[in-house]
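Here is a friendly briefing to read alongside the structure.

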Amino acid sequence: MDENTRHHSKLPMRARVATTVGGAAATVSRLAGKGDGSVIGGVISLRLAPDLLSLLAAGRQVVLVTGTNGKTTTTKLITAALAPLGGEIASNVYGANMEAGLTSALTHAPDARVAVLETDEKYIPAVVRATRPKVVVLLNLSRDQMDRAAEIWLLARRWREALGNAQDCRVVANADDPLVAWAASSARQVTWVAAGQRWREDSWCCPNCGAHLQREGDDWSCRECGGRRPPVSWMLYEDEVIDPTGRATKLDLALPGRANRSNAVIALAVAEAFGVHTGQALRELRKVTSVAGRYTQVSRRGVDVRLLLAKNPAGWLEALDVIAPPPAPVLLSVNAQGPDGRDTSWLWDVDFRRLRGRNVLVGGERRLDLAVRLEADEVALKLVNDIDEAVDAARGVASNLEVLANYTAFQQYRVALGRVQ
Amino acid sequence: MSRTKPLRLTWVYPDLLSTYGDRGNALVLERRARLRGLPVEIIEVNSDQPVPRDGDIYLMGGGEDLPQTLATRRLLADGGLLEAAGRGAVVFAVCAGYLMLGAEFGGADGAPVQGLGLLDIRSGRGAERAVGEVVADVDPRLNVGQLTGFENHQGVTRLGPNARPLARTTLGTGNGDGTEGAYQGRVLGTYLHGPALVRNPGLADLLLHWATGPLPPMPSQSEELAMRLRAERLAAVAR
């Protein structure tokens with residue numbers, strides 16, 4: 001941990017001991033093959049110094065990235081977009097996004113003046129207080145792992161209170177998501193982005209007064225209380241970003257899908273807040289090809305396998321838009337371990353009818369839940385036990401296999417394919 | 001069975017009451033009716049629309065505290081659901097929808113909120129959130145076997161003399177007194193949230209039976225996956 005020394009000297013003794021011990025534990029965890037090591041180090045550090053996060057964040061320009069979907073990818077995109085600033089950027093690249101993961105990310109980059117931190121939705125109030133961020137990014141808010149996540153109207157209310165109390169903080173928020181817009185509108189400075197909203201099942205009603213919202217295209221307004229979509233300064237329009245001067249630029253990302261184009265526009269808005277020009281930032285965004293194994297293409301027994309991760313109905317909806325057309329078979333896989341949420345009810349919120357007539361394989365520990373769901377949408381399917389059974393089913397039919405899995409199911413496949421990045 | 005008019009599955013307020021997979025109940029009922037040759041349609045009624053009086057089965061989903069209170073207020077003002085239930089239509093409600101059917105429930109600030117009064121139950125807020133798998137033995141006179149599902153709520157419910165418990169829990173919290181859910185006439189509610197009928201095809205058939213009379217059998221093999229899922233889940237929690 002020699003590289004920590006310089007920043008270390010500014011920390012109180014107890015915090016210095018905590019970051020060193022935590023770092024060592026992370027190394028042990030990685031060597032033992034127990035994961036990326038980012039959480040265990042942070043957990044040990046936090047037990048030794050509970051205010052460590054605010055100590056570590058002091059004097060840095062912090063960006064917090066939160067929302068139900070796209071946090072990890074957007075964090076990576078913002079980190080890329082800020083590369084023209086030069087210098088190291090601290091970031092929790094592996095998606096460990098609670099206090100321990102954030103602490104770990106800052107500990108490992110003691111000299112970074114800028115930190116881009118993916119933050120779990122529930123922890124936003126505490127992390128905003130601890131890190132006094134320069135920018136908070138609010139992507140979207142939709143139902144997610146209801147057995148452990150807070151209900152989303154409640155979550156929006158907490159964001160709203162936290163941001164209303166945060167001084168000198170700029171919020172970059174998606175104006176097209178009514179819940180997000182309502183939460184962000186308490187902040188002193190907001191950059192509104194028209195980032196689109198594919199999933200609308202959680203925002204038919206006004207977050208302010210509960211009346212049924214009037215919606216037309218991306219526009220929304222409330223007849224009862226007068227709430228409406230705020231005027232935007234950045235916009236995603238098909239494959240183009242429209243910046244605050246009104247200039248349209250083609251995005252041309254390597255990452256697929258509408259959701260990632262929308263994440264990229266948010267990253268450009270954050271870059272602008274740091275004085276990085278759109279053209280410069282965009283060149284960096286185009287270099288991002290995968291995010292912690294997501295979107296990676298890997299060859300397995302002559303079949304090109306592409307891994308997509310989605311954890312909840314909104315994520316699955318976006319991912320189903322991205323998958324390659326037939327004849328490529330689609331492997332859908334669902335687990336219900338702790339990080340996935342132990343309740344598979346959300347499968348019934350996903351519309352699978354577009355998979356009718358396709359070659360669909362179903363895997364994961366909860367494949368029967370998924371199979372019954374697909375049957376109700378009249379999608380023919382075949383159950384498989386592992387990734388190789390799916391690859392075998394794909395061979396001879398197509399040269400590629402599209403895999404869509406939720407969190408631990410994705411990690412299992414990623415390990416089976418050799419921990420692809 | 002000959003039925004000229006389609007069976008009308010009326011989903012009440014999906015814009016306010018649909019937190020997690022509630023659509024599943026409509027889809028399961030639709031599928032089980034269709035496979036038996038019964039014409040069926042799903043009608044989604046948003047909270048800014050009047051509730052049709054002529055539905056056969058009314059479905060109500062889960063919701064957060066504020067939407068639950070708003071939805072109850074609108075349903076009382078609208079009167080459509082009350083009128084339909086009064087003439088014997090089937091009502092099936094899960095989670096927040098179940099609490100709404102009672103005389104009162106605990107609102108966002110804990111204060112009691114007047115319910116729809118279709119079930120003789122009163123609900124309040126418990127000390128802890130009940131989250132997890134539920135297994136319960138259903139009232140034998142309903143003849144639907146064990147109940148299996150997932151609960152996620154902080155409600156506690158007491159039944160009055162006119163409502164009967166739907167089931168007795170062997171795993172999970174349910175009403176909080178060893179019973180789970182309630183029914184009264186053709187109005188039935190459960191703390192199981194979301195797609196409660198997916199793992200309980202017997203309960204789905206009970207609702208269809210109440211609405212249409214004796215049911216023809218399902219085509220062979222059409223239930224295989226659902227039965228495997230049901231058996232897997234019951235075995236998983238029995239360990």
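In chain A, 17 residues of domain 1 are in contact with 14 residues of domain 2; two residues are in contact if their C-beta atoms, placed from the backbone, lie within 7 Å. This is a predicted model, in which local features need pLDDT of at least 70 and side-chain atom pairs count only at pLDDT 80 or more, while totals for chains, interfaces and linings use all residues. Residues are numbered from 1 along each chain as its sequence is written, and chains are lettered from A and ligands numbered from 1 in the order in which they are written.

**Domains of chain A**

- Domain 1 covers 44-285 and domain 2 covers 297-416, with bounds that come from an automatic or database domain assignment.
- The centres of the two domains, taken over C-alpha atoms, are 28 Å apart.

**Where chain A touches chain B**

- Here 23 residues of chain A are in contact with 30 residues of chain B.
- On the chain A side, α8 (152-165) and α13 (367-376) are the elements that give two or more residues; helices (H or I, at least four residues) and strands (E, at least two) are DSSP runs, numbered from the N terminus.
- The largest share of that side, six residues, comes from α13(A).

**The nonpolar core**

- The largest nonpolar core has 196 residues, and Ala81(A) and Val193(A) touch the most other members.
- Such a core is a set of buried Ala, Val, Leu, Ile, Met, Phe, Trp, Tyr and Cys residues joined through C-beta atoms within 7 Å.
- A residue is buried if 20 or more other C-beta atoms, placed from the backbone, lie within 10 Å of its own.
- Helix α10 (residues 258-273) of chain A gives this core its largest share, eight residues.
- Leaving aside neighbours within four places in sequence, the contacts of Ala81(A) include Ala267(A), Leu268(A), Val270(A) and Ala271(A).

**A mostly covered helix**

- Seven of the 10 residues of α12 (residues 313-322) of chain A are buried, among them Trp316(A) and Leu317(A).
- The buried residues of α12(A) pack against α10, β13 (303-309) and β17 (400-405) of chain A.

**Chain B as a whole**

- Chain B has six helices and 11 strands.
- Its radius of gyration (taken over C-alpha atoms) is 17 Å, close to the 18 Å that the globule rule gives for 239 residues, so chain B is as compact as a globular protein of that length. The globule rule is 2.2 Å times the number of residues to the power 0.38.
- Of the 239 residues of chain B, 51% count as buried.

Technical notes:
A residue is buried if 20 or more other C-beta atoms lie within 10 Å of its own, exposed if 12 or fewer, and partly exposed in between; C-beta atoms are placed from the backbone.
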